[in-house]
Amino acid sequence: MPFIITDPCIETKDTACVDVCPVDCIHPRKDEAEFAEATMLYIHPEECIDCGACVPACPVAAIYESIDATPSHQATLIEANAVYRLGDADAMAQAEALVQQHVAAHPDIMAIPAAERQASHARF
Ligand code: SF4
Ligand code: SF4
């Protein structure tokens with residue numbers, strides 16, 4: 001079961017997780033062309049080895065340990081993580097569209113500052 005990046009990454013995107021991932025499965029990295037345009041980062045669901053190193057590294061607790069552990073209101077972002085693995089321009093556009101869909105569908109969650117957002121997930 002892959003780890004999943006969720007909405008506190010939006011507006012944060014600091015790549016602390018990238019620096020600790022032993023298998024380089026979190027994208028886009030700062031040195032990848034797509035980084036500037038990406039709204040958040042994504043974990044490749046098949047390359048992730050479930051080591052857990054990224055979880056304590058994330059300053060906003062955006063990363064859940066599995067799909068099952070991820071709140072149902074983040075389901076669109078589970079799909080975005082999965083789509084982005086394809087890595088081409090179309091996949092990135094699809095992932096970004098899913099992120100915008102999530103943002104539009106959850107103004108209540110997104111109104112909470114990124115640093116406090118994960119703690120609020122249980123309320124929604
Ligand atoms: S759980 Fe490990 S392998 Fe998976 S994204 Fe996090 S650091 Fe990378
Ligand atoms: S450490 Fe957290 S906020 Fe930073 S890029 Fe990774 S998932 Fe996003």
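**Ground rules.** Since this is a prediction, local features need pLDDT of at least 70 and side-chain atom pairs count only at pLDDT 80 or more, while totals for chains, interfaces and linings use all residues. Residues are numbered from 1 along each chain as its sequence is written, and chains are lettered from A and ligands numbered from 1 in the order in which they are written.

**Overall layout.** I started with the secondary structure and found 6 helices and 4 strands. I take helices (H or I, at least four residues) and strands (E, at least two) as DSSP runs, numbered from the N terminus. Along the sequence the pattern reads β-α-β-β-α-β-α-α-α-α.

Next I looked up the size. The C-alpha atoms fill a box of roughly 35 × 30 × 25 Å along the principal axes.

I then checked contacts, meaning C-beta atoms, placed from the backbone, within 7 Å of each other. Among contacts with a separation of 6 or more, 71% join residues 24 or more positions apart.

**The core.** Buried residues make up 34% of the 124 residues. Buried means 20 or more other C-beta atoms within 10 Å of the residue's own, exposed means 12 or fewer, and partly exposed is in between, with C-beta atoms placed from the backbone.

Which residues touch the most other members of the largest nonpolar core? I noted Ile5, Cys17, Ile26 and Ile63, out of 29 residues in that core. Elements giving two or more residues to this core include β1 (4-5), α3 (75-84) and α4 (89-105). The largest share, 5 residues, comes from α3. A core here is a set of buried Ala, Val, Leu, Ile, Met, Phe, Trp, Tyr and Cys residues joined through C-beta atoms within 7 Å.

Leaving out residues up to four places away in sequence, I found Ile5 touching Met40, Leu41, Tyr42, Ile43, Ala62, Ile63 and Asn81. In α3, the buried residues are Leu77, Ile78, Ala80, Asn81, Ala82 and Tyr84. They pack against β1, β2 (26-27), β3 and α4.

Where does Pro28 lie? I found Pro28 in the loop between β2 and β3, and the peptide bond from His27 to Pro28 is cis, with omega near -5 degrees.

Thr15, in the loop between β1 and α1, has a positive phi near 70 degrees without being a glycine. Asp24 also isn't a glycine, yet its phi is positive, about 55 degrees. Is Asp24 buried or exposed? Asp24 counts as exposed because it has 10 C-beta neighbours inside 10 Å.

Key:
Two residues are in contact if their C-beta atoms, placed from the backbone, lie within 7 Å.
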